[in-house]
Structure formats: structure tokens, C-alpha cells
Amino acid sequence: MATLNSAWRALVVGFCFALVGLGGLLYVVTIFPLLRLGPGGRAGQTRRVRAVIGGSFRMVVGILDIGGVMRVERRNADLLAASRGKPVLVLANHPCYLDILVLLALIPDALCVVKSYVWWNPFYGGVVRAAGFLSNDDPEKLVESCAAALRAGSPLIIFPEGTRTAPGAPLHFMRGAARIALASGAAIQPILLRCDPPAFTRNGHWYQQPANGFRLSVEARPLIGASALLAEEQVSGFKPRALTRALERFFTTELEGYERASA
């Protein structure tokens, strides 16, 4: 029975991956060109594209839920809803490959940063370019592009770790998120993600699924400014380094506090 359960979940996941990849190709040649006809020019088009992506991801999340693969649990959903349509920097830890799919389903008007290989991927590239997402191929240019997007009013999702966290490993943030926060002056919306049991990890395979599925908890925390975080640091010199330390400590403390309360 356990083998059948695992095979079923792998089948559901494979179907969803195929749906996203082939659906992306279909959107690029059918739906997205039609979205150019609406008002608002290029900005209006990209907003409509992101709305379609968000709706599609909500459908995929629903399939994963019905298929027994993943159950999304939202905490402080009102805080998460308040970020929609506002120039906030959404920062989240990154335990699971599906994190970005879930976050874009919940904040469909958000921009995000994609790796350069995704930007040119034959299945996903046309989608991320049509949505106005940002490529990380030039780190120096990326900071200003992200800051400009925030100043223009778009929420922006960033994973400060830059890659998925290995289960049980400490958080290690890169400085890019701190530099974007300082350059833009945007409020920070922390999102705490917990995957129980671990699934879609950095070292795992997509077909290796927990026997009874997994729960992905998405907890929004109140908005916080970079200045408030820096006030807790003894800042001397390079502020991005200090802000990165403060963000690491904030996320680590919040995640560990939840684990202790749940024990």
C-alpha cells in the first residue's frame, strides 16, 4: 500500500510538472498575445500575464492538494493579502522547490527573480519574460532593477538564501536582499515557510514523496522596515552586511520559536 501511495503521488507531481511546462508553452503562443490588446500598455500586459500565472498556480496547488501530495496551511492570511498590490519586499526562507509556486498563487501580482537558466528555458522562459520577472544574470544590475520595480509599486518576492535550505541546516542569507531593501526603502514582508515532513528538498528527487504527503505552512509576519532591523545591530561600516545578519537572526528566531512551541 505504501508503494502504491508513493507511486500515486509521483504520478500527480509528474502531471503537474507537465501541466506547468506545456501550459506555459501554450500560454505564450495563445493567451499572452491576446493580453496585449488590453489597456495600460506594457505594464498593463505584464499585470494581466501575472494574474493568469497566479490563477494557474492556484489550480496546480489545488491539484496537489486533491491528489494528497501537498496541503498548504496559511497563517495570518490577512497580512499576506495586505501585501497584494503594494510595493513591499516579500522575503521568505526556502525549504521546498514549490515555495515560489505557492507564493505566486497567494500574491499573484508579485514579481520575482529567476535564475538565468530559467530565463532561457524553452518551457518557462517565455512565461517569465512575459510576466516581467527579473533575471539574476547580472547581480549589480539586478539590485537596481528590483529597487526600480518596488518604487514602481510592484510587490517583489525574494528568497535571501538564494537556494533551498537543506533540512536541519542553519539559514545563510546572501546580501542581495538586504541591498535591495536599502536601495528601495521598501517595507519588508517576512514570510515564514515550514515544510513538514521535508519534501522537494535541494538534495531530493521530485518523485521521492513522503508516504502521507506533506504540509507547507505559509505564515505572514507584520511589515518591518530595514531601519528597525538595523537598530538592533551595532552598525559600523557596510550596512548590507549588518542588515543581512539582522534578517538571518529574525528568521532563525521566528522559525525556532515555532518549533519549540510545537514540540
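## Helix 5, an enclosed helix

In this predicted model, helix 5 is largely enclosed by the rest of the structure, because seven of its eight residues are buried. The buried ones are Asp99, Leu101, Val102, Leu103, Leu104, Ala105 and Leu106. In soluble globular proteins, nonpolar side chains tend to be buried together.

Now follow strand 2 (residues 89-92). Strand 2 runs parallel to strand 5 (residues 156-158), and three bridges join the two. Leucine 89 stands opposite leucine 156 in strand 5. Strand 2 also runs parallel to strand 6, this time with four bridges. There, leucine 91 has proline 190 of strand 6 as its bridge partner.

## Strand 6

Strand 6 has another partner in strand 7. These two pair in the antiparallel sense, over six bridges. Leucine 192 stands opposite glutamate 219 in strand 7. Is strand 6 enclosed or open to the outside? Eight of its nine residues are buried, so strand 6 is largely enclosed by the rest of the structure.

Glutamine 189 lies in this strand. Its relative accessibility is 2%, so glutamine 189 counts as buried: the cut-off is under 20%. What does its side chain reach? The side chain of glutamine 189 comes to 2.3 Å from the backbone oxygen of arginine 221. Leaving out residues up to four places away in sequence, glutamine 189 touches Leu79, Ser83, Val88, Leu89, Val90, Leu91, Ala220, Arg221, Pro222 and Leu223.

## The nonpolar core

How many residues does the largest nonpolar core have? The count is 77. Those with the most contacts inside this core are Leu64, Met70, Leu89, Phe133, Leu156, Ile191 and Phe214. Helix 11 (residues 239-262) gives the most to the core, with seven residues.

Asparagine 76 has phi near 55 degrees, a positive value in a residue other than glycine. Asparagine 76 sits in the loop between strand 1 and helix 4 (77-82). Its relative accessible area is 32%, so asparagine 76 is partly exposed. Phenylalanine 200 has phi near 50 degrees, again positive in a residue other than glycine. Its place is the loop between strand 6 and strand 7. Is phenylalanine 200 buried or exposed? With a relative accessible area of 6%, phenylalanine 200 is buried.

Proline 197 belongs to the loop between strand 6 and strand 7. The peptide bond from aspartate 196 to proline 197 is cis, with omega near -10 degrees.

## Tyrosine 124

Tyrosine 124 is in the loop between helix 6 (116-119) and helix 7 (125-130). At 30% relative accessibility, tyrosine 124 counts as partly exposed. Apart from residues up to four places away in sequence, tyrosine 124 touches Phe17, Val20, Gly21 and Val118. Its C-alpha atom is separated by 9.0 Å from that of leucine 22, a residue 102 residues apart along the chain.

## The whole chain

The protein chain has eleven helices and seven strands. Its radius of gyration is 19 Å, close to the 18 Å that the globule rule gives for 263 residues, so the chain is as compact as a globular protein of that length. Its C-alpha atoms fill a box of roughly 55 × 55 × 35 Å along the principal axes.

What share of the 263 residues is buried? Buried residues make up 46%. Among contacts between residues at least 6 apart in sequence, 76% join residues at least 24 apart.

Notes:
Residues are numbered from 1 along each chain as its sequence is written. This is a predicted model: local features need pLDDT of at least 70, side-chain atom pairs count only at pLDDT 80 or more; totals for chains, interfaces and linings use all residues. Side-chain values use heavy atoms; hydrogens and water are left out. Two strands pair if DSSP finds at least two bridges between them. Buried means under 20% relative accessible area, exposed over 50%, partly exposed in between (1.4 Å probe, protein chains only). A polar contact is a pair of N or O atoms within 3.5 Å; within protein, one must be able to donate a hydrogen and the other to accept it, and residues adjacent in sequence count only if both atoms are side-chain atoms. Contact means heavy atoms within 4.5 Å. A nonpolar core is a set of buried Ala, Val, Leu, Ile, Met, Phe, Trp, Tyr and Cys residues joined through side-chain atoms within 4.5 Å. The radius of gyration is taken over C-alpha atoms; the globule rule is 2.2 Å times the number of residues to the power 0.38.
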